[in-house]
Amino acid sequence: MHYHHALAEEIRDAAARLLAEDVGPGDITAELIPAQQWAKARVLTREACVLCGVAWVDEIFRRLDARVSLTWHAADGDRLAADSVFLELEGPARVLLTGERAALNLLQTLSATATRTRHYVDLLQGTGVRLLDTRKTLPGLRLAQKYAVTCGGGHNHRIGLYDAFLIKENHIAACGGIAAAVREARDIASDLPVEVEVETFDELDQALAAGADIVMLDNFGLDDLREAVTRTAGRATLEASGNVDETTLRAIAETGVDCISSGALTKGVEAIDLSMRLTETWEAR
């Protein structure tokens with residue numbers, strides 16, 4: 001399935017799931033508000049961040065009530081200053097409050113991923129090294145977080161188990177060696193990239209001899225990364241992985257590898273502090 005088609009489908013499905021878990025059979029607290037009362041609201045961020053999740057929020061309120069209008073003052077990927085208002089809404093007061101938590105939960109999570117990614121990308125500026133995500137995503141949010149990584153300036157490593165080969169230690173053992181695993185991958189799908197994860201220079205040499213497109217250097221120290229770059233001499237793309245955080249990222253990049261992958265972009269993010277407040281209410285006529 002094409003990525004963008006899958007993402008559009010995921011947005012619809014995610015909005016439905018979020019509303020189902022939060023609203024269920026109905027928002028009983030919202031029923032305290034007269035049905036004819038309308039309101040305006042604004043959403044702001046309490047901290048600097050990179051925005052992500054616009055389409056999901058649009059879909060949440062579309063599903064709740066098409067009469068809700070949303071005015072965005074920023075787009076996915078935009079940097080927001082602390083205390084800036086980036087969204088204004090208008091519609092039935094009941095609906096605005098019913099959709100608030102589902103919308104903010106999604107926004108705060110995806111914006112956190114985009115923000116962490118942008119921070120890491122900024123640390124890599126000038127090195128030419130690409131920052132990659134991993135499959136260590138929050139359950140049920142794979143495509144959403146992968147999209148958020150791109151909004152932060154990062155790159156998707158692979159979407160799932162189906163769009164690229166990543167041959168790891170257990171695959172190698174089960175296949176009977178690196179050469180056999182790479183050969184089998186070429187037989188299965190010759191058009192897909194083949195990556196081999198290695199932990200030693202001997203494994204690196206085997207992966208290069210087998211014709212791997214990409215070699216993941218797992219938990220190599222800085223000196224060993226430099227040596228791996230020299231040994232490889234451009235015969236394969238080199239990806240550094242393991243022990244990657246904001247304190248080690250730049251030094252890893254300066255060893256000469258082509259890309260760095262980090263699960264921290266998606267698995268360990270802390271939600272951005274967002275807030276929605278009603279600014280005006282009136283009785284609709």
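**Contacts, helices and sheets**

Analyst: Leaving aside residues up to four places away in sequence, Arg-118 touches Val-50, Gly-77, Arg-79, Cys-151, Gly-152 and Gly-153. The model is a predicted one.

User: In which element does Arg-118 lie, and is Arg-118 buried or exposed?

Analyst: Arg-118 is placed in helix 3. Its relative accessibility is 15%. The cut-off for burial is under 20% relative accessible area, so Arg-118 counts as buried.

User: How far apart in space are Arg-118 and Val-149, C-alpha to C-alpha?

Analyst: In sequence, Arg-118 and Val-149 are 31 residues apart. Both take part in the contact of helix 3 with helix 4, Arg-118 from helix 3 and Val-149 from helix 4.

User: How do helix 3 and helix 4 stand to each other, roughly parallel, roughly perpendicular or oblique?

Analyst: Helix 3 and helix 4 pack with their axes 7 Å apart, at an angle of about 40°. Angles under 35 degrees count as roughly parallel and 65 to 115 as roughly perpendicular. An angle of about 40° therefore makes helix 3, relative to helix 4, oblique.

User: Which residues of helix 4 make the contact with helix 3, and how do the residues of that contact divide?

Analyst: From helix 3 come Leu-110, Thr-113, Ala-114, Thr-117 and Arg-118. Helix 4 supplies Ala-144, Gln-145, Ala-148, Val-149 and Cys-151. By class, the residues of the contact of helix 3 with helix 4 are 6 nonpolar, 3 polar and 1 charged.

User: Why is helix 4 largely enclosed by the rest of the structure?

Analyst: Helix 4 covers residues 142-151. The buried residues in helix 4 are Leu-143, Ala-144, Gln-145, Lys-146, Ala-148, Val-149 and Cys-151. Helix 4 is largely enclosed because, of its 10 residues, the number buried is 7.

User: Which residue with positive phi follows helix 4?

Analyst: The phi in question is near 95°. This residue is also among those that Arg-118 touches. The residue after helix 4 is Gly-153.

User: Where is Thr-266, and what is its relative accessible area?

Analyst: Thr-266 sits in the loop between strand 11 (259-261) and strand 12. Beyond residues up to four places away in sequence, Thr-266 touches Thr-113, Thr-134, Lys-136, Thr-137, Leu-138, Gln-145 and Val-149. Thr-266 is buried, and its relative accessible area is 1%.

User: How do helix 2 and helix 3 run relative to each other?

Analyst: Helix 2 (residues 54-64) packs on helix 3 (residues 93-123) at an angle of about 160°, with the axes 9 Å apart. Angles over 145 degrees count as roughly antiparallel. Helix 2 is therefore, relative to helix 3, roughly antiparallel.

User: How do the residues of the contact of helix 2 with helix 3 divide?

Analyst: On the helix 2 side the contact is made by Val-54, Trp-56, Val-57, Ile-60, Phe-61 and Leu-64. On the helix 3 side the residues include Val-95, Leu-96, Gly-99, Glu-100 and Leu-110. The residues of this contact are 13 nonpolar, 2 polar and 1 charged.

User: Which strands stand at the edges of the open sheet of 6 strands?

Analyst: The order in this sheet is 6-11-10-9-8-7, with parallel pairing. Each edge strand has a single partner strand, so one side of each is left without a neighbour in the sheet. The edge strands are strand 6 (130-132) and strand 7 (165-167).

User: Which residue in strand 9 is the bridge partner of Val-196?

Analyst: Strand 8 (residues 194-198) and strand 9 (residues 214-218) run parallel and are joined by 4 bridges. The partner of Val-196 in strand 9 is Val-215.

User: How many bridges join strand 1 to strand 12, and how many join strand 1 to strand 5?

Analyst: Strand 1 (residues 37-45) runs antiparallel to strand 12 (residues 274-283), and Gln-37 stands opposite Glu-283 there. Strand 1 also runs antiparallel to strand 5 (residues 85-92), where Leu-44 stands opposite Val-85. The count for strand 12 is 9 bridges, and for strand 5 it is 7 bridges.

Terms used: Residues are numbered from 1 along each chain as its sequence is written. This is a predicted model: local features need pLDDT of at least 70, side-chain atom pairs count only at pLDDT 80 or more; totals for chains, interfaces and linings use all residues. Side-chain values use heavy atoms; hydrogens and water are left out. Two strands pair if DSSP finds at least two bridges between them. Helices (H or I, at least four residues) and strands (E, at least two) are DSSP runs, numbered from the N terminus. Axes are lines fitted to C-alpha atoms, for helices over the stretch in contact, and angles run from 0 to 180 degrees between N-to-C directions. Contact means heavy atoms within 4.5 Å. Ala, Val, Leu, Ile, Met, Phe, Trp, Tyr, Cys and Pro count as nonpolar, Asp, Glu, Lys and Arg as charged, and the others, Gly among them, as polar. Buried means under 20% relative accessible area, exposed over 50%, partly exposed in between (1.4 Å probe, protein chains only).
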